[in-house]
Amino acid sequence: MTTILGLSGSLRRASFNAGLLRAASECVPDSVEIQIGSIRDVPLYDADMEGESGLPAAVQTLQEQLAAADGLLLVTPEYNNGIPGVFKNAIDWMSRGPGLELFVGKPVAVIGVSPGGFGTILAQNHWMPVLRTLRMRPWVEGRLMVSRATPLFDGDGNLTDAKTREQLAAFVAGFIGAL
Ligand code: FNR
């Protein structure tokens, strides 16, 4: 079984990005699982907290999930033309303790969705120096920037647009092929 850890960088209930990740998890062959991790319970990074009590439980869980995964799929919103703080915060925590080793050499792909016209292109670019610093292996042969999202999702954030599903399936298949 090939396993991909999928993380969405939004905490919003009807998040487009969380919906895109759910749709990705539905379009994989039986031999592949996209495990959906959660950044919800990751506290703000605090070096004093880390020094006094070590890594929070939510971070340890994410690290265990990353260790068990063959690849990482980041589904990123874009805030002010960059990475949302809550998402970067989770990755920063995950890189602590034994964390950095878990990232090194691991294939990673970045996708994202926004209601605007540019579909998270700047947030996706913003991830690149971070992934380089973590010494990951970004898969860059495919690109998926879902723009003008509102009519493509239902009110619960589920992807309903068939064309976007096809594009997503092609992207995910390409990434799986590179693992
Ligand atoms: C945004 N949004 C946004 N969208 C975009 O395409 N480019 C941007 O720079 C920004 N900037 C931005 C800043 C802040 C603080 C917020 C809260 C929002 C809109 C954003 O794409 C939209 O809220 C999405 O719905 C967020 O993704 P989820 O929560 O639907 O996954």
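Buried here means under 20% relative accessible area. Keep that cut-off in mind as you work through these exercises on a predicted model.

**Exercise 1.** Find out whether tryptophan 139 and phenylalanine 175 are buried or exposed, and describe how their rings pair.

*Solution.* Start with accessibility: tryptophan 139 and phenylalanine 175 are both buried. Next, look at the rings. Their centres are 6.0 Å apart, with 40° between the planes. Planes under 30 degrees apart would count as stacked and over 60 as edge-to-face, so the rest are tilted; the pair of tryptophan 139 and phenylalanine 175 is tilted. Now place the partners: tryptophan 139 is in the loop between strand E5 (137-138) and E6, while phenylalanine 175 belongs to helix H7, so the pair ties together parts 36 residues apart in sequence. Finally, widen the view: ring pairs join Trp139, Phe171 and Phe175 into a cluster.

**Exercise 2.** Work out which parts of the chain the pair of phenylalanine 16 and phenylalanine 153 links.

*Solution.* Helix H1 (residues 16-26) holds phenylalanine 16. Phenylalanine 153 sits in the loop between strand E6 (145-146) and helix H7 (162-177), and the two are 137 residues apart. One more neighbour to spot: arginine 12 lies over the face of phenylalanine 16, 5.0 Å from the ring centre.

Conventions:
Residues are numbered from 1 along each chain as its sequence is written. This is a predicted model: local features need pLDDT of at least 70, side-chain atom pairs count only at pLDDT 80 or more; totals for chains, interfaces and linings use all residues. Side-chain values use heavy atoms; hydrogens and water are left out. Helices (H or I, at least four residues) and strands (E, at least two) are DSSP runs, numbered from the N terminus. Rings of Phe, Tyr and Trp (its six-membered ring) pair if their centres lie within 6.5 Å; planes under 30 degrees apart count as stacked, over 60 as edge-to-face and the rest as tilted. Buried means under 20% relative accessible area, exposed over 50%, partly exposed in between (1.4 Å probe, protein chains only). A charge sits over a ring if NZ of Lys or CZ of Arg is within 6 Å of the ring centre and within 35 degrees of the ring normal.
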